[in-house]
Protein chains: 2
Amino acid sequence: MTPLKNDRLIRALLRQEVDRTPIWIMRQAGRYLPEYRALRQKAGTFMELVQNPTLACEVTLQPLARYDLDAAILFSDILTIPHAMGLGLEFVAGEGPIFTKPIRHEQDVQNLPIPDPSEELNYVLDAIGLIQNELKGRVPLIGFGGSPWTLACYMVEGSGSKDFSKIRAMRYARPALLEALLDKLIEATVAYLNAQIAAGVNAVMIFDTWGGILSPNDYLHFSLKPMQKIIAQLNLNQNDRRIPCTIFTKNGGQHLSAMASSGADALGIDWMTSLAEAKHKVGDKVALQGNLDPAVLYGNPGTIVQAAQEMLDVYAGAPGHVFNLGHGIYPDVDPEHVAVLVETVHSYVGTRPII
Amino acid sequence: MTPLKNDRLIRALLRQEVDRTPIWIMRQAGRYLPEYRALRQKAGTFMELVQNPTLACEVTLQPLARYDLDAAILFSDILTIPHAMGLGLEFVAGEGPIFTKPIRHEQDVQNLPIPDPSEELNYVLDAIGLIQNELKGRVPLIGFGGSPWTLACYMVEGSGSKDFSKIRAMRYARPALLEALLDKLIEATVAYLNAQIAAGVNAVMIFDTWGGILSPNDYLHFSLKPMQKIIAQLNLNQNDRRIPCTIFTKNGGQHLSAMASSGADALGIDWMTSLAEAKHKVGDKVALQGNLDPAVLYGNPGTIVQAAQEMLDVYAGAPGHVFNLGHGIYPDVDPEHVAVLVETVHSYVGTRPII
């Protein structure tokens, strides 16, 4: 393992002192960058891009060429696992992901294979190798997967959904079948994230996009518990270092106390939650990652600087905060505005003493 | 005003003693009922149905013929105001509301008229008169409108949206223009709800479907404050009685304390919030209305009974709870399951003593 030249992200996720608050941006390798759009057009479909390690590596590194970010995140998608399970994933422009063979019957759950990462998902592991060869320890590389509940949502609905009423009907009409599906996804995700760790990622993150649509008790049972089971089986403690694990539940602001006891090192929080209140709720149990309203980047530079500084004031340099947006960056944001944000976060120490 | 034979809803919303917990169901007059679908097919477009007082009255009363509900709610839509403002409202099957003339320019905001309820919205007032003639005090009739922020969301986006990035861009790039739009919607909504009160509704509700997409500070400023301004100008105190006002912010679980100080008599809460925690947060300031996961109705009768009883146990007959779903009932729910739910709520007193 190449030692990290910039380990701010890792230190902040583990609540250790840092010289300045690290920043990375969810979906930093993506559509708001003209160089991404150019490459995307050449590459064919979205999944062809994801499955091409050379191009996935190039896309992963694009934002680092522009901005002084403190982390790279693997260019991939949370739906690689159901794709590898054979559900027939397609991305339809303007509509998001579609599964041509969604889960419809009990048999569909029973027949689901657990993908072997070194076979069906080897393109991800290859991309990690290429990226780390290019990064040479410049910044950490974050690997990721989707939460079992979130993957199940797409797999049962067959696509995104307004109400996710198919899987929510399944939860009440066929709870044991839902549990069986989640168990398979737990097993597949443990193997997948451990393979990413073995391939060299420096941190992992679990994206729980749809846990927030559940009632509080159901969130604990069907979304958080599967994530806990995964965390308990990840090889986060390497000989020489910890691979920090972050979990992010969109609309999970009411569950932060429970999430802080999940075994995760850090929690991602969305912009609908107050960072100050979140900090108070989780105490010194976990670090927090977030949570600027992504729409702030539609404002002028003065608006962006002010909003970022107000957020930085919550920790004021104390350990345990990774700056990020509260959700993925929007595709129509001006890339110059991202530069303003990164610069604001990095210059914070200069203008406001941390000690 | 005909005296109410069943005033449980009004009493519960005002935190007075009731003999049993009242229940009504958001979207109780709607697509899950075969008699609604039959009438809907005859009526033409959705807006033609809404604008026909005779048919709107018939639809409003349909669920009361089936179930022993403790309230009727006017069959209408929150978008009647922007429709009356001339934005060209259409409902496209499977896509929801579309405005053919959305807000795109500063001029569009400046030119927006404030509808006179007795002119452009007289069909609503006529429907209220017809419904009250039919109800003859059997149960209270609830009138309603949308929150200014929620109406603005649709008016600026031109439709529903995944991210509402147009109006959220407006919030950061043109905040004064957004305020001007909200001010017009406050004025229009005050006139509209006061006209509904004058026409005879027994309670009013403000639906804030999209306040929950805002950051906490923005929620207070752009969503809650406009609702507070409306409440302060409503004629809720009639000579002989109070017209209770309920506000409902979907995904507003983190804002309940602030909402409890808004001047509203009651808060609607969605199913993502714990009723017990909500009760604790709001203390004796307001009543709570909610909040069964609408997906529970996909379960079998045993599941429904158990979930409803667990919810009833939170108040256990103490004043201040109106039973409802945490969101509108889903169109594909079995109407027989609604009967099970209503019966469970009404028989609760018999099986579990309230004193």
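A: Two residues are taken to be in contact if their C-beta atoms, placed from the backbone, lie within 7 Å. The model is predicted: local features need pLDDT of at least 70, side-chain atom pairs count only at pLDDT 80 or more, and totals for chains, interfaces and linings use all residues. Residues are numbered from 1 along each chain as its sequence is written, while chains are lettered from A and ligands numbered from 1 in the order in which they are written.

Of the interface residues of chain B, 96% are also interface residues in chain A, so the copies meet through the same surface.

A:Q254 sits in the loop between β6 (245–249) and α12 (256–260) of chain A (elements are DSSP runs numbered from the N terminus, helices being H or I of at least four residues and strands E of at least two). With residues up to four places away in sequence left out, A:Q254 touches A:P216 in its own chain, and B:G253, B:Q254 and B:T273 in chain B. Because 20 other C-beta atoms lie within 10 Å, A:Q254 is buried (20 or more count as buried, 12 or fewer as exposed, and values in between as partly exposed, with C-beta atoms placed from the backbone). Within chain A, A:Q254 and A:T273 are 19 residues apart along the chain, and their C-alpha atoms are separated by 8.5 Å.

In chain A, 7 strands form an open sheet in the order β1-β4-β5-β6-β7-β8-β9, with parallel pairing (a pair requires at least two DSSP bridges). The edge strands of chain A, β1 (72–73) and β9 (321–325), each pair on one side only. Strands β4 (141–146) and β5 (203–208) of chain A run parallel over 5 bridges, and A:F207 in β5(A) is the bridge partner of A:G146. Helix α13 (275–282) of chain A packs on the sheet, where it touches β7 (266–268) and β8 (287–292) of chain A, at about 165° to β8(A) (axes are lines fitted to C-alpha atoms, for helices over the stretch in contact, with angles from 0 to 180 degrees between N-to-C directions).

Chain B likewise holds an open sheet of 7 strands with parallel pairing, in the order β1-β4-β5-β6-β7-β8-β9. Strands β6 (245–249) and β7 (266–268) of chain B run parallel and are joined by 3 bridges; B:I247 stands opposite B:L267 in β7(B). Helix α13 (275–282) of chain B packs on the sheet and touches β7 and β8 (287–292) of chain B, its direction making about 165° with that of β8(B). Helix α11 (216–233) of chain B lies across β5 (203–208) and β6 of chain B, at about 160° to β5(B).

There is also antiparallel pairing. In chain A, strands β2 (89–92) and β3 (96–99) are antiparallel and joined by 4 bridges, with A:V92 opposite A:G96 in β3(A). These strands of chain A form a hairpin with 3 residues between them, and A:G94 in the turn has a positive phi of about 80°. In chain B, β2 (89–92) and β3 (96–99) pair in the antiparallel sense over 4 bridges, where B:I98 in β3(B) is the bridge partner of B:E90.

At 1.5 Å a residue, the 12 residues of α15 (335–346) of chain A should span 16 Å, and the end C-alpha atoms are 17 Å apart, which agrees (the expected span is 1.5 Å times one less than the number of residues). The buried residues of α15(A) are A:V338, A:L341, A:V342, A:T344 and A:V345. Seen down the helix axis, the buried residues of α15(A) fall within an arc of 160°, so they line one face of the helix (the arc is that of directions from the axis to the C-beta atoms). In chain B, B:P335 lies in helix α15 (335–346) and is partly exposed, with 15 other C-beta atoms within 10 Å. Neighbours within four places in sequence aside, B:P335 is in contact with B:Y32, B:L33 and B:R66. From B:G252, B:P335 is 83 residues away in sequence and 29 Å away in space, C-alpha to C-alpha.
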